[in-house]
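Open the model in your viewer and show it as a cartoon. The stops below say what to select and what is found there.

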Amino acid sequence: MSDSPHEACGVVGVVTPDEDAARIAFFGLFALQHRGQESSGIASADGTTVSLHTSMGLVSQAFHEFDLRRLPGNLSIGHTRYSTTGSSSEQNAQPFRVAGSHGVLALAHNGNVINAAELREELITGWGCQFQTSTDSEVIAHLLVNAPGKDWGQRVAYIMRRLRGAFSQVVLLPDSVIAMRDPLGVRPLCIGEYGDGWVVASESCALDHIGARFVRELDPGEAIQINGE
């Protein structure tokens, strides 16, 4: 279903109490540039609104000072995309921002979901979802924002049972960041402390670059939700 492999993409998530989270995500992505050089994107949230900027090219080309100023809030996720033949378009740049029955979220994804075609058909015919791209990442985003469950823990558990493949991903809600890793632990994802906040990233070099302290790798099949508390 995916239009191309996404094995080497880089993802980062930031929760910080009093700093510009998008700027921290930018420097984290800069350290993950080797994982993807096709496009870059950052989404931020301030408790109520999810803002997004994506662009083709390297991180340093995709973002300028005025772009970061338009991404307010103390929550952020970012993505740098692996370049593959025939799939280079701004339409496929991540994170993806989608709306559904549980509000608005943004998602950045590294990996492959092998049953994405089946899930996409179910989301279109059974759930009424509309898609803008052919990527498995957008399938995951729509599945999560419409998933059954009384809270995000139950919704994440639902999609983790439905997704088949290897992935690590970060999700931005208006008031928190969710990070999750596939049950086999094929795709890397680690977490670190950043002052009174937290950072998750594909590789610990991103933590080092922004001065965060490495804590641990997420366990296979683990999902965590981080908010201001």
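Buried means under 20% relative accessible area, exposed over 50% and partly exposed in between, with a 1.4 Å probe and protein chains only. This is a predicted model, in which local features need pLDDT of at least 70, side-chain atom pairs count only at pLDDT 80 or more, and totals for chains, interfaces and linings use all residues. Residues are numbered from 1 along each chain as its sequence is written, and side-chain values use heavy atoms, without hydrogens and water.

Helices (H or I, at least four residues) and strands (E, at least two) are DSSP runs, numbered from the N terminus.

**Helix α4.** Select residues 116-125. Ala-116, Leu-119, Arg-120 and Leu-123 are buried here. They lie on the same side of α4, because they cover an arc of only 100° around the axis (the arc is that of the directions from the helix axis to the C-beta atoms). The buried residues of α4 pack against β6, α5 and α6; contact means heavy atoms within 4.5 Å.

**The sheet.** Next, select the five strands of the open sheet, in the order β5-β6-β7-β8-β12. Their pairing is antiparallel; two strands pair if DSSP finds at least two bridges between them. At the edges, β5 (96-100) and β12 (223-227) each pair on one side only.

**Strands β7 and β8.** Select 165-173 and 176-181: these strands pair in the antiparallel sense over six bridges. Val-171 stands opposite Ile-178 in β8.

**Helix α5.** Residues 136-145 pack on the sheet, touching β5, β6 (103-113), β7 and β8.

Technical notes. Axes fitted to C-alpha atoms, helices over the stretch in contact; angles between N-to-C directions.
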